[in-house]
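Student: I'd like a close look at just one part of this model. Could you pick a spot and walk me through what's around it?

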Amino acid sequence: MTTQFGPSALATPANLLTVARLVLTLPLLAMVLDEGASWPAVALWIALCVTDGIDGHLARRHGTTRSGAFLDPLADKVLVLGAMAALVATDALPWPPVAIIAVRELGIQALRSYWGKRGLAIPATHLAKAKTIAQELAVGFALLPLTETDATWFVQSLLWVAVALTVVSGVQYVLAGSRLATTLGNR
């Protein structure tokens with residue numbers, strides 16, 4: 001029997017997994033800052049990325065919640081931006097593309113909060129999901145000891161693909177939200 005949770009529930013399986021992802025991001029960041037690219041960092045990165053999909057599945061199965069709608073994107077941003085910042089600090093990634101991604105992610109999070117307070121919710125598009133995967137792949141390959149020195153061009157290429165998807169999906173999100181806000185008179 002599957003338990004259903006209402007929209008105001010806090011202690012749901014999906015939320016517990018999301019909070020675990022947030023907590024486990026800290027050891028990952030410490031590992032990256034201390035060791036740089038390493039197999040343990042790659043393993044933890046993969047586990048954290050996979051659990052993102054699992055918590056989404058659990059939320060759809062047991063019922064989505066307002067707290068989950070807030071926590072899941074927050075955990076995604078902390079994980080991806082934290083890992084990218086740690087990789088910039090260790091010179092594994094250049095700062096300009098990471099800065100572009102960070103500005104977009106924080107800007108969209110602010111818009112999501114602004115529109116959410118007005119009762120508007122803009123669902124993630126397929127392009128936004130592809131953006132997340134591209135960001136996760138860029139970080140994952142940057143964490144691989146095999147690509148640390150011999151295939152930096154590959155990691156950089158993945159990162160710039162992630163930047164392009166990030167910017168385009170951000171514009172798409174702003175346009176969709178603006179149209180919805182205008183249509184509903186919530187500007």
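Tutor: Let's start with Ala-142, which is buried at a relative accessible area of 6% (buried means under 20% relative accessible area, exposed over 50%, partly exposed in between, with a 1.4 Å probe and protein chains only). Bear in mind that this is a predicted model: local features need pLDDT of at least 70, side-chain atom pairs count only at pLDDT 80 or more, and totals for chains, interfaces and linings use all residues. Residues are numbered from 1 along each chain as its sequence is written, and side-chain values use heavy atoms, leaving out hydrogens and water.

You'll find Ala-142 in helix α5 (helices are DSSP runs of H or I, at least four residues, and strands are E runs of at least two, numbered from the N terminus). Leaving aside residues up to four places away in sequence, Ala-142 touches Ala-37, Leu-87, Leu-93, Thr-147 and Val-155, where contact means heavy atoms within 4.5 Å. Val-88 is 54 residues from Ala-142 in sequence, but their C-alphas are 10 Å apart in space.

Leu-93 takes us to the largest nonpolar core, which has 31 residues; Leu-93 is among those with the most contacts inside it, along with Leu-28, Trp-45, Met-84 and Leu-143. Such a core is a set of buried Ala, Val, Leu, Ile, Met, Phe, Trp, Tyr and Cys residues joined through side-chain atoms within 4.5 Å. Two or more residues each come from α1 (13-35), α2 (39-62), α3 (66-89), α4 (95-117), α5 (126-143) and α6 (152-184). The most come from α3, with seven. Met-84 reaches Leu-93 too, plus Val-98, Ile-101, Gln-135, Val-139 and Leu-159, again skipping residues up to four places away in sequence.

Between α3 and α4 there's a loop that holds Asp-91. Asp-91 counts as exposed, at 70% relative accessibility, and has a positive phi of about 65° although it isn't a glycine.

Trp-153 is exposed, at 58% relative accessible area, whereas Phe-154 is partly exposed, at 30%.
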